[in-house]
Amino acid sequence: MEPSGRAHRVAPVSALELARWQFGITTLYHFIFVPVTIGLAICVAFFQTRWYRTGDEHWLRSTRFWGKLLLISFALGVATGIVQEFQFGMNWSNYSRFVGDIFGAPLAMEGLAAFFVESTFLGLWIFGWGRLSKKAHLTCAWLVAASTALSAYFILAANSWMQHPVGYKMADGKAELTNIASVLFNNTALYAFAHTILAALLTAGMILIAVSAWNLRKGRETEVFGGAMRLALPLVTLAAIVTVIVGHFNGILMTEQQPMKMAAADAVFETQDGAGLSLFATGDFKSNPEGLNRNIEIPNLLAWISTGYPNGEIEGINNINAEYQKKYGPGNYTPIVAVAYWTWRAMIGCAMLMFLLAAWGWWLSHKGKLRDSKWFLKLAVPAVALPFVASATGWLFTEMGRQPWVVFGLLKTDVANSPSVDAAQVWITLVGFTLLYGVLAAIAGRVFVKTVKKGPVEAGEAEEPGQELALTY
Amino acid sequence: MDEYTFLQVLWFILISILWLGYFVLEGFDFGVGMLLRAVGKTDDEKRAVMHSIGPIWDGNEVWLLVAGGATFAAFPQWYATLFSGFYLALFLILVGLIVRNVSFEFWGKAETEQGRRRWEWAMILGSALPALLWGVGWANIVHGVPIDAQYEYTGTLFTLLNPYAILGGLATLTIFLAHGAIFLEMRTEGAIRQRAQALATRLVAPAAVLGIAFLVWTVLAHDGGVDVASAIVAAFAVVALLAAVPTVKEAPARAFAATTGAILFFFIALFIDLFPHTMVSSTDAAFSMTLNQSASSSYTLTVMTVVAVLLVPVVLAYQAWTYWVFRRRVSAEDFGEVRSPLDLLDKEKREGGGGEPEPAGPGS
């Protein structure tokens, strides 16, 4: 790990730095499972609805098969979600004291409005086969899907307040809530929610495509996997297009609310009109334009993405930094530019690749050639990594691009951690959690692959005890 | 400045209720988890034991998440001091909960005998660790821990492991064990039921002894003399613990009501003892945090009250409904051959279709 390497040369790693690593690792790990769960829950509910409406057996088998994959993801998501909620108090007590009046409310609402529904109706769905009426059972599936999405809304409202604080006043050196509606309907939150749900659909769609492609190439279960393809290819194609449109408006909003993040995303150091979008850059991201070579540039595109006008003005990092020094006092207000630059590109690049792949597949399927296209079926399997890379880099961009702030304009990260927790303690939990996450990921991955290889169960054939859905809990 | 306002007291009560719900519900989950290998001897029996809490344990655990979230929202200073102060203890609890959560999922997916044994121990230890440490934690909150003028905890993990708190931990551990054994006795059939009954009979007495010892110590050690209200509730807890002893063999439902009552009164006594504080400082009484010093603004508390009033009754209604849906006893026979809903569909077809499928038994 990077900080430990530095530690030997300079000074012991601070508790702050370790707490940041821990937050990053826990959050990125948790967010592997979040989009899978949200997206697959919707797909599974869709398959079950098809079964309910048509009575076709292959829809029931699809429901059961994808349901198993959903539950593996759900179990891991829930387990890491508890750490997510507790770590604010554990590692970031000063942050918790500062924002508790505002930040705690959506978190508590998430529990009351979403987690209870999610866990209860998931239990009913898993164990309710044959015990509930078909209609009640289907309702459970949709309640699970809706509540996972709702929980994302609340936590994104909380996160968006850190990006763009609204509905508050300062009192006794702490932020105090003055308007809950502003927090819950923060425009930042609405965009973040749309973006996240689309990402979840992309993730689930890519899993459907990859697993189906692998099976179709072997000619297995063409009804079940052909059905999944017919849903997933248009889903990913359209979701990718809508994501780009939402992302565009999101970019304009971000330029307004957090101009530094957007400037860092394109390594624009000096303010310019009609800036072009650079596809890649080499050299030194730390210093001024002289050190950095922006290699291929598409004229005016950045200005358009960020402002909505091809000749719009992009404020440069140096200009914004000077402005912030006047406003917030001396200091460096620049995030790590290289991180912002590359994560933003990785995210968008992945989205484009997903779009191309799905559009190609959709076209093949339209022509009736999907099952004969070896290349598509082969490429679709490793392409399942794309949505995960996109999610991880997207979060890295949005969280690291906000630095040095933890709450933009109000609280800096370096004073937000817990004063009573020293580096040794954070080391223990950092190593402990990371090892645990690693072991669980390895096991879950193996179980996931095993479940995929086994495929959907034939009607009339008893499921192996080890494979039964009921004991996934 | 007053020590508290109406809304702050209301939220102190609501958060207490969330913890109470958590301990009553997850209490038997922990007990069942710890007794997995003692009650279930074959894989079918173990499967039945897990099934007794299968559909409900996750919903039960959400009580903890909401208690944590509500504390953050209503008493952020309490949340910050407690969670950063009890850092390593909470870490151990989280590890326990994570390991236990995934053990349900992975036990059924394990390919080998050895793999299943490993997940059984994961479930046992992952249940025992939080069952013990929640008692240790709450004993310390009530009894007081070193806290400085900035409301920062100044002790270590070992400060928390004092004799009083360890007694509290052993009390919750044994009470949850007995609670879980009685739950299994109530919810299962056949050999597992007999084993659960035998274990429950043996566990109730030590649970009562440890619980009573801890409560007596709590009442006597209260700073500034005995807290009468807390002592009265503690007496109820003692009565409930004693009431569980003779009923455990013949009337498990009554015994379960008794352990449920015991857990409720046990923790209500602690919450009353703690009131009007959220954290007690053993360094200096002046550094103890009152409700007022820990709470959010009255606006935030009002918002949260509206949300709670709207949602809590709904949550209680559908959680109760789940228990009703899964009221049937489980037995190892249900797990000889695991059936899937596809069987039902097949059966439905053979019989000419129509109607809803028959219950498949808990196996599917």
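Before listing any contacts, I noted the rule: two residues are in contact if their C-beta atoms, placed from the backbone, lie within 7 Å. I also reminded myself that this is a predicted model.

**Entry 1: a helix pair in chain A.** I started with α2(A), residues 15-54, and α5(A), residues 134-163. Their axes are 9 Å apart, and the packing angle is about 160°. Angles over 145 degrees count as roughly antiparallel, and α2(A) and α5(A) are therefore roughly antiparallel to each other. I logged the crossing of α2(A) past α5(A) as left-handed. On the α2(A) side I found, among others, A:Ile38, A:Ala41, A:Ala45 and A:Tyr52. They belong to a contact whose α5(A) side includes A:Leu138, A:Ala141, A:Trp142 and A:Ala145. Sorted by class, this contact comes to 13 nonpolar, 4 polar and 1 charged residues.

**Entry 2: a hairpin in chain A.** Next I looked at strands β1(A), residues 168-171, and β2(A), residues 174-177, which pair in the antiparallel sense over 4 bridges. A:Lys169 stands opposite A:Glu176 of β2(A). What sits between the two strands? I found 2 residues there, and A:Asp172 in the turn has a positive phi of about 55°.

**Entry 3: a helix pair in chain B.** Then I turned to α1(B), residues 6-34, and α7(B), residues 113-143. Here the angle is about 140° and the axes lie 7 Å apart. α1(B) and α7(B) are therefore oblique to each other, and α1(B) passes α7(B) in a left-handed crossing. From α1(B), the contact is made by B:Phe30, B:Gly33 and B:Met34, while α7(B) brings residues including B:Met123, B:Gly126 and B:Pro130. By class I noted 7 nonpolar, 3 polar and no charged residues.

I also checked the length of α7(B): its 31 residues should span 45 Å at 1.5 Å a residue, and the end C-alpha atoms are 45 Å apart, which agrees. Just after α7(B), B:Gly144 takes a positive phi of about 105°.

**Entry 4: where the chains meet.** How many residues of chain B are in contact with chain A? I wrote down 75, against 73 residues of chain A. Among the elements that give two or more residues to this side of chain B are α3, α4 and α14. The most comes from α6(B), with 15 residues. The side of chain B that touches chain A divides into 46 nonpolar, 18 polar and 11 charged residues.

Methods. Residues are numbered from 1 along each chain as its sequence is written. Chains are lettered from A and ligands numbered from 1 in the order in which they are written. This is a predicted model: local features need pLDDT of at least 70, side-chain atom pairs count only at pLDDT 80 or more; totals for chains, interfaces and linings use all residues. Axes are lines fitted to C-alpha atoms, for helices over the stretch in contact, and angles run from 0 to 180 degrees between N-to-C directions. Angles under 35 degrees count as roughly parallel, over 145 as roughly antiparallel, 65 to 115 as roughly perpendicular and the rest as oblique. A crossing is left-handed if the near helix is turned anticlockwise from the far one by less than a right angle, and right-handed if clockwise. Ala, Val, Leu, Ile, Met, Phe, Trp, Tyr, Cys and Pro count as nonpolar, Asp, Glu, Lys and Arg as charged, and the others, Gly among them, as polar. The expected span of a helix is 1.5 Å times one less than its number of residues. Two strands pair if DSSP finds at least two bridges between them.
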